[in-house]
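Please read it with the coordinates open beside you.

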Amino acid sequence: MFGWLLRKRTAFSEVVNHFINTPFPPSSTPVDQANFLALDLELTGLNPRKDHIVSIGWVPVRGQEVVLSEAKHYLINSPVSVGQSAVYHGLHDHQLKNAADLAEILTELLAQYAGYIFVAHHSRLDEQCLRFACQRCFGKAPRFRFIDTMQMEWQRLLRQGKVVKHDALKLPNCLKRHGLPDMANHQALEDAYSSALLLLSQLKLGGNTMTLSDLYLLSR
Amino acid sequence: MEVADVTKFLAETTPFDQLDGAALGQLSAHINVYYYQAQDSVKINTDRLLIVRTGIFTLYSDQQQLLTKLQSGDFYGYQQLLTGLTDSDTLICEEDGLVYWLAAEAFHQCRYQYKNIDIFFQRLFSRRLHQYREQQQASRFTLKISDIVQQRKIAIRPEQTAQDAAKLMSDSRVSSLLVEENSKLVGILTDRDLRSRVLAHALPASTQVSQVMTRQPQSIDRHAYLYEAVQQMSQHNIHHLPVTDQGVCCGMLTATDIIRSQQDHPVYLIGEIHRQLSTDGLERCSQQIAALAITLSKQQVPAYEAGHIITTITDALTQRLIYLAQQKLGEPPCVFSWLAFGSQARMDQSLNADQDNALLLEKEPVGIVGDYFSALAEFVCQGLAQCGITLCPGNIMASNPELRLSLKGWSGRFARWIATPTPDALLKASIFFDLRVIEGSKGLFNALQEDILQRTTEAPLFLYHLAQAALQRTAPLGFFKNFILEQDGKHKKGLDLKKRGISLITDLVRVYALYAGIHEVNTRGRLQQLAAQGIIDSKDSQNLNDAFDLLAQLRWEKHQHDLQLSHDVTNLLNPAEISGLARHQLKDSFAVINEAQSRVKQRFCREL
């Protein structure tokens with residue numbers, strides 16, 4: 001499907017252009033009509049400039065339904081050792097030997113989900129990493145639209161006048177608060193799926209009249 | 001790629017727990033996940049299987065009746081997936097939760113691939129049919145005295161004699177009397193008091209009631225609960241309780257009344273019938289039949305047993321009417337058998353059956369014999385009509401002089417049908433070949449039945465025409481594409497379960513039974529004997545039996561439905577009202593009938 005993109009390295013930038021040229025839905029779009037892509041990255045460290053992506057997981061949300069048939073999870077060939085980060089994501093160097101090429105995966109992501117609003121829990125890190133990764137692979141990075149389920153949760157709790165403790169915003173705790181199923185394990189797709197569920201719950205709690213601009217405000 | 005939380009949940013959910021990891025992964029890839037908030041209404045006619053992951057969802061019928069609550073691991077939508085029919089239920093989220101929507105294609109794929117999963121959902125469906133039927137039984141615990149006590153006050157004055165009391169008890173058919181002075185209750189007197197306080201002490205019949213009665217009896221208000229009466233009776237070891245209404249005595253509650261009220265059993269109705277002294281009394285009894293039918297259906301009595309019970313009640317009414325007629329007309333001038341034809345004979349009578357009866361007489365119906373049985377038949381047939389068993393529109397009734405014949409007369413008539421059959425005549429006559437004796441001489445009846453069966457077993461031409469008649473109507477195989485609907489007099493359309501189903505089986509089975517000389521007339525009984533004698537394949541017999549049961553069940557349920565809505569009871573089923581599974585089963589049943597018809601054709605309708 002993306003063979004034409006992979007044929008020449010220069011063609012890679014085509015996919016970035018495609019993503020850039022695909023407009024995002026207007027911010028007046030009601031949330032139940034927007035397409036979202038919940039995604040999560042596992043990294044070798046917490047510095048987006050230096051550290052690398054070792055795995056990526058995503059699942060789209062369309063019409064407020066999590067579409068599992070498009071759920072994806074990839075291990076990424078990392079140029080450096082996962083080192084101590086293996087403690088968090090459980091991925092070791094030997095598992096990553098036959099993993100996918102980052103450019104290939106980014107190409108699939110950009111080609112297939114242009115125009116989607118990306119969703120992540122604590123999205124800033126994921127957003128930066130994606131941008132650096134694109135820069136590295138394609139020589140340029142598109143601008144993403146991200147909404148942050150953690151930020152939304154924080155705002156929600158603040159509005160309720162609650163004192164938000166440090167741990168309260170961690171994904172497992174958010175899931176618990178929303179009565180959502182516990183995460184099976186710490187893995188990119190599981191996390192992406194969990195943040196998708198969290199988003200669904202947050203959208204419902206926000207009432208049926210929310211638009212994308214409300215979401216952008218909430219996740220700022 | 002699979003989300004572990006989803007596959008893990010499926011792996012723990014029946015029936016998917018029998019799938020291996022790969023299959024679960026495949027299944028989960030066809031799932032969409034949706035989050036509902038309390039008060040959300042779930043769009044249910046989406047042609048997908050709903051699997052509840054978390055939360056609570058409440059299912060309501062179109063009449064806003066709560067049907068069930070769905071929780072983690074419960075399903076909805078299999079009804080529509082299995083049958084292609086939409087439901088008019090509503091599903092409301094009661095507690096926030098996640099649902100998995102499994103795409104139709106994956107659901108079907110899974111069913112085809114794994115038989116057990118298919119069976120699971122089919123069962124779930126049929127269970128649902130039973131489960132959600134209304135269960136509004138009038139609770140035994142909430143019955144009040146006023147619900148069961150008869151508004152009939154039988155009282156005597158204290159200065160009257162023991163003999164007066166005994167006479168009043170016999171005349172009113174009661175076992176106890178209220179003793180009243182100036183409309184005030186002063187005591188009660190029971191038949192036991194007459195025995196133990198009068199006779200045993202050799203007191204004269206002229207003894208005053210006031211001397212032997214029980215003074216200052218216990219009493220109970222008519223608005224009290226029944227269990228309070230039971231408690232009071234057992235506490236004081238008494239069997240009779242005067243019932244008061246605002247302090248004024250209005251009747252008597254006996255232990256027997258209470259026992260009877262606890263028994264919604266046909267035995268009691270039949271007992272009641274045999275105690276009646278007039279047609280009006282029988283009519284009152286017959287008014288309980290509808291209530292009894294509803295009770296039977298609530299107790300999930302299968303249709304064939306219910307048919308049996310209803311027939312037994314008709315038999316009892318007939319027997320009692322014959323008794324009453326004899327009371328009125330005197331002893332019969334000769335031995336007779338009261339015959340029933342059709343459904344009453346087959347013991348599969350339904351609530352809307354009409355009369356099909358006749359008289360078999362020892363002597364020729366001339367002179368006083370003719371007059372006597374004419375009067376008897378008129379009395380019984382009119383009596384049955386008064387009890388709600390309508391007069392036969394085809395005049396197949398004992399009140400028709402052509403159906404009051406001697407053994408010779410009946411034998412000759414059957415011989416004509418059998419020896420020189422014409423299709424038209426047989427179409428009308430086939431009902432006569434299902435016959436049973438209801439009252440009177442069994443010997444006389446047996447002689448007739450032997451005579452008939454001897455002839456039919458050796459009459460290929462007769463069987464040919466009888467089979468032809470049985471094949472005239474076919475089961476509506478095209479039911480699912482183009483509804484074949486009959487119209488009833490009131491311009492309602494529907495599938496006639498009797499004409500298009502039950503009768504077809506009855507007719508087919510009759511051909512075999514007459515061919516084999518089987519005495520049994522009940523369709524199920526005939527099928528059993530036919531299989532036992534190897535006349536038909538036991539599997540075919542079983543299939544026909546199942547189809548027959550199913551159709552009878554649907555008709556029984558339809559009648560229940562009509563009764564509960566106080567409609568006229570009809571056999572017309574509105575296809576829109578039947579459940580999907582029933583539709584599946586109907587289709588199967590029609591196929592069975594079709595097959596059986598073609599076998600009858602091969603066997604009895606070849607060139608002679």
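1. The contact between the chains draws 20 residues from chain B and 22 residues from chain A, where two residues are in contact if their C-beta atoms, placed from the backbone, lie within 7 Å. On the side of chain B that touches chain A, the elements giving two or more residues are α1 (4-11), β1 (31-36) and β8 (97-103) of chain B, and β1(B) supplies the largest share, five residues. That side divides into 11 nonpolar, five polar and four charged residues, with Ala, Val, Leu, Ile, Met, Phe, Trp, Tyr, Cys and Pro counted as nonpolar, Asp, Glu, Lys and Arg as charged, and the others, Gly among them, as polar.

2. This is a predicted model, in which local features need pLDDT of at least 70 and side-chain atom pairs count only at pLDDT 80 or more, while totals for chains, interfaces and linings use all residues. Residues are numbered from 1 along each chain as its sequence is written, and chains are lettered from A and ligands numbered from 1 in the order in which they are written.

3. Strand β3 (residues 65-67) of chain A is joined to β1(B) by three bridges, and the two run antiparallel; strands pair if DSSP finds at least two bridges between them. Within this pairing A:Glu65 stands opposite B:Tyr34.

4. Chain B has 25 helices and 22 strands, these being DSSP runs numbered from the N terminus (helices H or I, at least four residues; strands E, at least two). Of its 608 residues, 38% count as buried, meaning that 20 or more other C-beta atoms lie within 10 Å of the residue's own, whereas 12 or fewer make it exposed and a number in between partly exposed, with C-beta atoms placed from the backbone.

5. Several backbone details deserve a look, given that most residues other than glycine have a negative phi, and most peptide bonds are trans. The peptide bond from B:Thr14 to B:Pro15 is cis, with omega near 0°, and B:Pro15 lies in the loop between α1 and α2 (21-28) of chain B. B:Gln39, in the loop between β1 and β2 (41-42) of chain B, has a positive phi of about 85°, and this residue is exposed because 9 other C-beta atoms lie within 10 Å.

6. Strands β14 (residues 240-245) and β15 (residues 248-254) of chain B pair in the antiparallel sense over six bridges, with B:Asp245 opposite B:Val248. Their hairpin has two residues between the strands, and there B:Gln246 takes a positive phi near 50°.
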